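Thanks for coming. Please have the sequence and the structure open.

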Amino acid sequence: MHLTLHLTNRCNLACSYCFETRGPERMTKEVAYAAAQLGMQGTQRSGLLFYGGEPLLERALIESTIAYTQRIKAKTGHTFYYKMTTNGLLLDESFLQLAQEVNLTIGFSHDGPAQDDCRKLPNGDGSFAQLASKIPLLLRYQPYAVGMCVVDPSTAHKACDIVRYLYAQGFRYITVGINYSPRWTEEKLAILQAEYEKMAALYLKWTQAEQKFYLSPFDMKILSHLKGEAYNADRRRMAQNQLSVAPDGKLYPASRMLWTPDVCIGDVFTGVDKTRQDEVYEQGDAAEPCKGCALRTRCNYAYDNPDISPVQCAHERMLTPIADQLAERLFRENNALFLHKHYNEMYAVMSLVEDRGTV
(Lines give C-alpha, C1' and ligand atoms only; values in the text may rest on other atoms or scores of the structure.)
Protein backbone atom coordinates (compact mmCIF):
# COMPACT_ATOMS: atom_id res chain seq x y z
CA MET A 1 0.00 0.00 0.00
CA HIS A 2 1.12 3.55 -0.72
CA LEU A 3 0.07 6.47 1.45
CA THR A 4 -0.01 10.23 0.92
CA LEU A 5 0.83 11.86 4.23
CA HIS A 6 -0.72 15.32 4.54
CA LEU A 7 1.77 16.58 7.08
CA THR A 8 0.37 20.08 7.48
CA ASN A 9 -2.19 22.53 6.13
CA ARG A 10 0.30 25.37 6.44
CA CYS A 11 2.16 26.79 3.47
CA ASN A 12 4.75 29.48 2.81
CA LEU A 13 2.99 30.44 -0.43
CA ALA A 14 -0.51 31.78 -1.03
CA CYS A 15 -1.34 30.32 -4.44
CA SER A 16 -4.59 31.62 -5.85
CA TYR A 17 -5.69 28.18 -7.08
CA CYS A 18 -4.77 26.12 -4.01
CA PHE A 19 -7.58 23.82 -2.80
CA GLU A 20 -6.08 23.24 0.65
CA THR A 21 -7.90 24.74 3.62
CA ARG A 22 -5.39 26.66 5.70
CA GLY A 23 -5.39 25.70 9.34
CA PRO A 24 -3.24 24.72 12.32
CA GLU A 25 -3.44 20.97 11.71
CA ARG A 26 -0.09 19.17 11.89
CA MET A 27 0.65 15.47 11.76
CA THR A 28 2.32 13.93 14.80
CA LYS A 29 5.05 11.31 14.78
CA GLU A 30 2.56 8.80 16.18
CA VAL A 31 0.28 9.23 13.15
CA ALA A 32 3.15 9.16 10.65
CA TYR A 33 4.67 6.04 12.19
CA ALA A 34 1.28 4.29 12.34
CA ALA A 35 0.77 5.15 8.66
CA ALA A 36 4.10 3.55 7.82
CA GLN A 37 3.07 0.43 9.72
CA LEU A 38 -0.30 0.35 7.93
CA GLY A 39 1.40 0.59 4.55
CA MET A 40 3.44 -2.52 5.32
CA GLN A 41 0.44 -4.81 5.68
CA GLY A 42 0.34 -7.62 3.15
CA THR A 43 3.27 -6.44 1.05
CA GLN A 44 7.07 -6.37 0.93
CA ARG A 45 7.28 -2.80 -0.31
CA SER A 46 5.31 0.36 0.26
CA GLY A 47 5.48 4.06 -0.55
CA LEU A 48 5.15 7.27 1.44
CA LEU A 49 4.38 10.56 -0.31
CA PHE A 50 5.07 13.60 1.86
CA TYR A 51 2.50 16.26 1.04
CA GLY A 52 0.96 19.44 2.44
CA GLY A 53 0.44 22.37 2.49
CA GLU A 54 4.17 22.66 2.12
CA PRO A 55 5.71 19.47 3.50
CA LEU A 56 9.14 21.00 4.13
CA LEU A 57 7.57 23.13 6.86
CA GLU A 58 7.54 19.77 8.68
CA ARG A 59 11.04 18.76 7.68
CA ALA A 60 11.85 17.34 11.12
CA LEU A 61 8.84 15.00 10.84
CA ILE A 62 9.88 13.90 7.35
CA GLU A 63 13.39 13.10 8.55
CA SER A 64 12.10 11.33 11.67
CA THR A 65 9.65 9.22 9.63
CA ILE A 66 12.35 8.26 7.13
CA ALA A 67 14.68 7.28 9.98
CA TYR A 68 11.90 5.20 11.56
CA THR A 69 11.18 3.34 8.32
CA GLN A 70 14.86 2.79 7.65
CA ARG A 71 15.11 1.07 11.04
CA ILE A 72 12.16 -1.13 10.05
CA LYS A 73 13.90 -1.95 6.77
CA ALA A 74 17.08 -2.97 8.60
CA LYS A 75 15.10 -5.32 10.86
CA THR A 76 12.56 -6.78 8.43
CA GLY A 77 13.85 -6.17 4.90
CA HIS A 78 10.67 -4.28 4.03
CA THR A 79 11.39 -1.71 1.31
CA PHE A 80 10.04 1.83 1.52
CA TYR A 81 9.85 4.26 -1.39
CA TYR A 82 9.61 7.98 -0.73
CA LYS A 83 8.23 10.90 -2.73
CA MET A 84 7.58 14.53 -1.93
CA THR A 85 5.75 17.36 -3.66
CA THR A 86 7.13 20.80 -2.79
CA ASN A 87 7.02 24.43 -3.92
CA GLY A 88 10.81 24.44 -3.56
CA LEU A 89 11.29 27.49 -1.36
CA LEU A 90 12.83 25.49 1.49
CA LEU A 91 14.88 23.07 -0.59
CA ASP A 92 18.54 23.07 0.33
CA GLU A 93 21.61 20.96 -0.29
CA SER A 94 21.46 19.06 2.99
CA PHE A 95 17.90 17.87 2.35
CA LEU A 96 18.77 16.89 -1.22
CA GLN A 97 21.70 14.88 0.11
CA LEU A 98 19.31 13.01 2.39
CA ALA A 99 16.90 12.51 -0.51
CA GLN A 100 19.73 11.04 -2.56
CA GLU A 101 20.72 8.67 0.27
CA VAL A 102 17.22 7.22 0.71
CA ASN A 103 16.07 7.58 -2.91
CA LEU A 104 13.35 10.14 -2.18
CA THR A 105 11.90 11.45 -5.47
CA ILE A 106 10.88 15.11 -5.59
CA GLY A 107 8.06 16.72 -7.52
CA PHE A 108 8.75 20.43 -7.94
CA SER A 109 5.73 22.72 -8.40
CA HIS A 110 6.59 25.67 -10.64
CA ASP A 111 4.56 27.59 -13.20
CA GLY A 112 7.45 29.06 -15.16
CA PRO A 113 6.61 32.45 -16.68
CA ALA A 114 3.22 32.34 -14.93
CA GLN A 115 4.78 31.73 -11.50
CA ASP A 116 4.24 35.27 -10.26
CA ASP A 117 0.66 35.38 -11.58
CA CYS A 118 -0.74 32.78 -9.19
CA ARG A 119 2.03 31.45 -6.96
CA LYS A 120 2.64 34.41 -4.70
CA LEU A 121 4.21 34.84 -1.29
CA PRO A 122 1.83 35.65 1.58
CA ASN A 123 2.75 39.35 1.31
CA GLY A 124 1.63 39.39 -2.34
CA ASP A 125 5.08 39.36 -3.92
CA GLY A 126 5.92 36.89 -6.64
CA SER A 127 8.01 33.82 -5.85
CA PHE A 128 9.80 33.38 -9.19
CA ALA A 129 13.02 35.16 -8.19
CA GLN A 130 13.44 33.23 -4.95
CA LEU A 131 13.30 29.94 -6.85
CA ALA A 132 15.87 30.81 -9.52
CA SER A 133 18.67 28.95 -7.73
CA LYS A 134 16.54 26.03 -6.56
CA ILE A 135 15.90 24.40 -9.94
CA PRO A 136 19.56 23.81 -10.93
CA LEU A 137 20.29 22.67 -7.38
CA LEU A 138 17.45 20.13 -7.51
CA LEU A 139 18.34 18.83 -10.97
CA ARG A 140 21.98 18.45 -10.01
CA TYR A 141 20.92 15.91 -7.41
CA GLN A 142 17.84 14.56 -9.21
CA PRO A 143 18.03 14.79 -13.02
CA TYR A 144 14.72 12.90 -13.17
CA ALA A 145 12.81 15.18 -10.79
CA VAL A 146 9.27 15.96 -11.93
CA GLY A 147 8.37 19.50 -12.94
CA MET A 148 4.72 20.08 -12.00
CA CYS A 149 2.73 23.05 -13.26
CA VAL A 150 -0.88 24.21 -13.00
CA VAL A 151 -2.79 26.11 -15.67
CA ASP A 152 -5.47 28.56 -14.55
CA PRO A 153 -7.94 30.49 -16.75
CA SER A 154 -5.86 33.59 -16.04
CA THR A 155 -2.68 31.86 -17.26
CA ALA A 156 -4.10 29.72 -20.08
CA HIS A 157 -2.33 31.86 -22.68
CA LYS A 158 1.03 30.95 -21.11
CA ALA A 159 0.51 27.17 -20.93
CA CYS A 160 2.94 26.25 -23.71
CA ASP A 161 5.52 28.77 -22.51
CA ILE A 162 5.34 27.17 -19.04
CA VAL A 163 6.16 23.75 -20.51
CA ARG A 164 8.88 25.23 -22.71
CA TYR A 165 10.42 26.96 -19.68
CA LEU A 166 10.47 23.81 -17.54
CA TYR A 167 12.02 21.85 -20.39
CA ALA A 168 14.65 24.55 -20.97
CA GLN A 169 15.53 24.46 -17.27
CA GLY A 170 16.29 20.76 -17.58
CA PHE A 171 13.10 19.01 -16.47
CA ARG A 172 12.37 15.97 -18.62
CA TYR A 173 9.33 14.77 -16.68
CA ILE A 174 6.64 17.44 -16.85
CA THR A 175 3.06 17.23 -15.62
CA VAL A 176 0.39 19.78 -16.49
CA GLY A 177 -2.58 20.15 -14.16
CA ILE A 178 -5.70 22.21 -14.85
CA ASN A 179 -7.42 24.31 -12.20
CA TYR A 180 -11.08 23.55 -12.87
CA SER A 181 -12.47 25.47 -9.90
CA PRO A 182 -12.82 28.96 -11.46
CA ARG A 183 -15.04 29.74 -14.41
CA TRP A 184 -13.61 28.69 -17.77
CA THR A 185 -15.30 30.66 -20.54
CA GLU A 186 -15.47 29.44 -24.13
CA GLU A 187 -12.84 32.05 -24.94
CA LYS A 188 -10.44 30.69 -22.30
CA LEU A 189 -11.02 27.10 -23.44
CA ALA A 190 -10.24 28.14 -27.01
CA ILE A 191 -7.01 29.71 -25.80
CA LEU A 192 -6.13 26.52 -23.93
CA GLN A 193 -6.82 24.46 -27.06
CA ALA A 194 -4.45 26.65 -29.06
CA GLU A 195 -1.82 26.19 -26.33
CA TYR A 196 -2.23 22.41 -26.44
CA GLU A 197 -1.69 22.53 -30.20
CA LYS A 198 1.54 24.45 -29.61
CA MET A 199 2.58 21.90 -26.99
CA ALA A 200 1.90 19.13 -29.49
CA ALA A 201 4.27 20.85 -31.90
CA LEU A 202 6.93 20.88 -29.18
CA TYR A 203 6.30 17.21 -28.46
CA LEU A 204 6.73 16.44 -32.16
CA LYS A 205 9.92 18.50 -32.41
CA TRP A 206 11.51 16.97 -29.32
CA THR A 207 10.60 13.42 -30.34
CA GLN A 208 11.91 13.86 -33.87
CA ALA A 209 15.14 15.19 -32.33
CA GLU A 210 15.33 11.98 -30.26
CA GLN A 211 15.01 13.83 -26.98
CA LYS A 212 13.68 11.61 -24.20
CA PHE A 213 10.98 13.21 -22.08
CA TYR A 214 7.52 12.72 -20.54
CA LEU A 215 4.77 15.31 -21.02
CA SER A 216 1.65 14.22 -19.15
CA PRO A 217 -1.21 15.60 -21.31
CA PHE A 218 -0.09 13.70 -24.41
CA ASP A 219 1.66 10.67 -22.94
CA MET A 220 -1.37 9.86 -20.79
CA LYS A 221 -3.77 10.18 -23.71
CA ILE A 222 -1.56 8.00 -25.92
CA LEU A 223 -1.44 5.42 -23.13
CA SER A 224 -5.24 5.52 -22.84
CA HIS A 225 -5.51 4.63 -26.54
CA LEU A 226 -3.08 1.74 -26.24
CA LYS A 227 -4.65 0.30 -23.08
CA GLY A 228 -8.30 0.81 -23.93
CA GLU A 229 -10.62 -0.47 -21.18
CA ALA A 230 -7.60 -1.34 -19.03
CA TYR A 231 -6.47 2.31 -18.84
CA ASN A 232 -8.91 3.53 -16.21
CA ALA A 233 -9.18 0.09 -14.63
CA ASP A 234 -5.44 0.30 -13.90
CA ARG A 235 -5.78 3.88 -12.65
CA ARG A 236 -8.56 2.88 -10.28
CA ARG A 237 -6.52 0.00 -8.90
CA MET A 238 -3.59 2.33 -8.31
CA ALA A 239 -5.89 4.86 -6.61
CA GLN A 240 -7.21 2.17 -4.28
CA ASN A 241 -3.63 1.47 -3.23
CA GLN A 242 -2.71 5.16 -2.76
CA LEU A 243 -4.74 6.40 0.19
CA SER A 244 -4.52 9.86 1.71
CA VAL A 245 -3.80 10.34 5.40
CA ALA A 246 -5.07 13.51 7.06
CA PRO A 247 -2.99 15.12 9.83
CA ASP A 248 -5.29 13.50 12.41
CA GLY A 249 -4.72 10.03 10.92
CA LYS A 250 -8.05 9.57 9.15
CA LEU A 251 -7.93 7.82 5.77
CA TYR A 252 -9.50 9.09 2.54
CA PRO A 253 -9.53 7.73 -1.02
CA ALA A 254 -7.82 10.81 -2.49
CA SER A 255 -6.33 14.17 -1.55
CA ARG A 256 -9.25 16.10 -3.00
CA MET A 257 -11.58 14.23 -0.62
CA LEU A 258 -9.70 15.13 2.55
CA TRP A 259 -11.89 16.40 5.40
CA THR A 260 -15.06 15.04 3.74
CA PRO A 261 -16.62 12.87 6.48
CA ASP A 262 -18.85 10.95 4.08
CA VAL A 263 -15.84 9.41 2.33
CA CYS A 264 -13.63 8.66 5.33
CA ILE A 265 -12.62 5.01 5.04
CA GLY A 266 -10.81 4.42 8.34
CA ASP A 267 -7.73 5.63 10.17
CA VAL A 268 -4.09 4.63 10.51
CA PHE A 269 -4.61 3.05 13.93
CA THR A 270 -7.58 0.77 13.17
CA GLY A 271 -6.93 0.28 9.44
CA VAL A 272 -9.02 0.50 6.28
CA ASP A 273 -12.75 -0.14 6.39
CA LYS A 274 -12.88 -2.32 3.25
CA THR A 275 -16.67 -2.24 3.01
CA ARG A 276 -16.73 1.55 3.15
CA GLN A 277 -13.83 1.77 0.70
CA ASP A 278 -15.68 -0.37 -1.84
CA GLU A 279 -18.82 1.74 -1.42
CA VAL A 280 -16.92 4.96 -2.06
CA TYR A 281 -15.19 3.62 -5.17
CA GLU A 282 -18.45 2.26 -6.57
CA GLN A 283 -19.78 5.83 -6.51
CA GLY A 284 -17.22 6.62 -9.18
CA ASP A 285 -19.35 4.73 -11.71
CA ALA A 286 -22.39 6.87 -11.04
CA ALA A 287 -21.79 9.55 -13.70
CA GLU A 288 -24.73 8.71 -16.00
CA PRO A 289 -23.78 11.09 -18.87
CA CYS A 290 -20.40 9.34 -19.12
CA LYS A 291 -21.83 5.88 -19.74
CA GLY A 292 -22.63 6.57 -23.40
CA CYS A 293 -19.60 8.74 -24.12
CA ALA A 294 -17.19 7.57 -26.82
CA LEU A 295 -14.26 8.84 -24.72
CA ARG A 296 -15.32 7.05 -21.54
CA THR A 297 -12.41 4.61 -21.55
CA ARG A 298 -9.93 7.42 -22.19
CA CYS A 299 -11.32 10.11 -19.91
CA ASN A 300 -9.38 10.94 -16.75
CA TYR A 301 -12.58 11.71 -14.84
CA ALA A 302 -15.38 9.40 -15.97
CA TYR A 303 -14.51 6.54 -13.65
CA ASP A 304 -13.67 8.29 -10.41
CA ASN A 305 -15.92 11.33 -10.26
CA PRO A 306 -19.72 11.07 -10.30
CA ASP A 307 -19.86 14.87 -10.40
CA ILE A 308 -17.72 15.43 -13.49
CA SER A 309 -18.08 19.04 -14.59
CA PRO A 310 -18.86 20.38 -18.08
CA VAL A 311 -15.41 21.99 -18.14
CA GLN A 312 -13.73 18.66 -17.46
CA CYS A 313 -15.77 17.12 -20.29
CA ALA A 314 -14.82 19.95 -22.62
CA HIS A 315 -11.17 19.54 -21.69
CA GLU A 316 -11.14 15.82 -22.50
CA ARG A 317 -12.93 16.36 -25.83
CA MET A 318 -10.40 19.07 -26.67
CA LEU A 319 -7.21 17.28 -25.70
CA THR A 320 -7.89 13.75 -26.99
CA PRO A 321 -7.99 14.49 -30.75
CA ILE A 322 -4.88 16.69 -30.51
CA ALA A 323 -2.99 13.85 -28.83
CA ASP A 324 -4.33 11.33 -31.34
CA GLN A 325 -3.28 13.40 -34.34
CA LEU A 326 0.19 13.82 -32.83
CA ALA A 327 0.56 10.09 -32.16
CA GLU A 328 -0.76 9.17 -35.60
CA ARG A 329 1.83 11.36 -37.30
CA LEU A 330 4.73 9.92 -35.31
CA PHE A 331 3.44 6.39 -35.93
CA ARG A 332 3.18 7.03 -39.69
CA GLU A 333 6.72 8.39 -39.66
CA ASN A 334 7.81 5.14 -38.01
CA ASN A 335 9.62 7.28 -35.45
CA ALA A 336 11.90 4.90 -33.56
CA LEU A 337 11.85 6.79 -30.26
CA PHE A 338 8.05 7.08 -30.29
CA LEU A 339 7.57 3.38 -31.04
CA HIS A 340 10.14 2.36 -28.45
CA LYS A 341 8.63 4.64 -25.82
CA HIS A 342 5.03 3.53 -26.25
CA TYR A 343 5.24 -0.06 -27.50
CA ASN A 344 8.23 -1.46 -25.60
CA GLU A 345 7.31 -2.41 -22.03
CA MET A 346 10.99 -2.32 -21.06
CA TYR A 347 11.51 1.23 -22.37
CA ALA A 348 11.62 2.94 -18.95
CA VAL A 349 14.18 0.53 -17.53
CA MET A 350 16.34 0.47 -20.66
CA SER A 351 16.21 4.27 -20.92
CA LEU A 352 17.32 4.70 -17.30
CA VAL A 353 20.21 2.27 -17.73
CA GLU A 354 21.24 4.02 -20.94
CA ASP A 355 21.12 7.48 -19.37
CA ARG A 356 23.11 6.46 -16.31
CA GLY A 357 25.68 4.88 -18.54
CA THR A 358 26.32 8.25 -20.19
CA VAL A 359 26.51 10.31 -16.98
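I'll start with strand S5, residues 146-151, which has one covered face, made of Gly147, Cys149 and Val151, and one uncovered face, made of Val146, Met148 and Val150. Before going further, the ground rules. This is a predicted model, where local features need pLDDT of at least 70 and side-chain atom pairs count only at pLDDT 80 or more, while totals for chains, interfaces and linings use all residues. Residues are numbered from 1 along each chain as its sequence is written, and side-chain values use heavy atoms, with hydrogens and water left out. Helices (H or I, at least four residues) and strands (E, at least two) are DSSP runs, numbered from the N terminus.

Back to S5 and its neighbours. Two strands pair if DSSP finds at least two bridges between them. Strand S4, residues 104-109, runs parallel to S5 and is joined to it by three bridges. Phe108 stands opposite Gly147 of S5. On to strand S6, residues 173-178: six bridges join S5 to it, and these two strands also run parallel. Val151 has Ile178 in S6 as its bridge partner. Between S5 and S6 the chain passes through helix H6, residues 159-169, and this β-α-β crossover is right-handed. Right-handed here means that, with the strands pointing away from the viewer, the path from the first strand over the helix to the second runs clockwise.

Now the whole sheet. What is the order of the nine strands in the open sheet? It is S7-S6-S5-S4-S3-S2-S1-S8-S9, and the pairing is mixed. Strand S7 (214-215) and strand S9 (251-252) are the edge strands, each pairing on one side only. Strand S1, residues 2-6, and strand S8, residues 242-245, run parallel and share four bridges. Thr4 stands opposite Ser244 in S8.

For the chain as a whole, the count is 13 helices and 11 strands. Of its 359 residues, 49% are buried. Buried means under 20% relative accessible area, exposed over 50%, and partly exposed in between, with a 1.4 Å probe and protein chains only. The C-alpha atoms fill a box of roughly 55 × 50 × 45 Å along the principal axes.

Next, helix H12, residues 336-343. Its buried residues are Leu337, Phe338, Lys341 and His342. Down the axis of H12 they fall within an arc of 105 degrees, so they line one face of the helix. The arc is that of the directions from the helix axis to the C-beta atoms. The N-terminal end of H12 is capped by Asn335, with a side-chain oxygen 3.1 Å from the backbone nitrogen of Leu337.

Last, cysteines. With a disulfide taken as a pair of cysteine sulfur atoms within 2.5 Å, the count is zero. For Cys18, the closest cysteine sulfur is in Cys15, 6.2 Å away, too far for a bond.

Definitions and conventions. A polar contact is a pair of N or O atoms within 3.5 Å; within protein, one must be able to donate a hydrogen and the other to accept it, and residues adjacent in sequence count only if both atoms are side-chain atoms.
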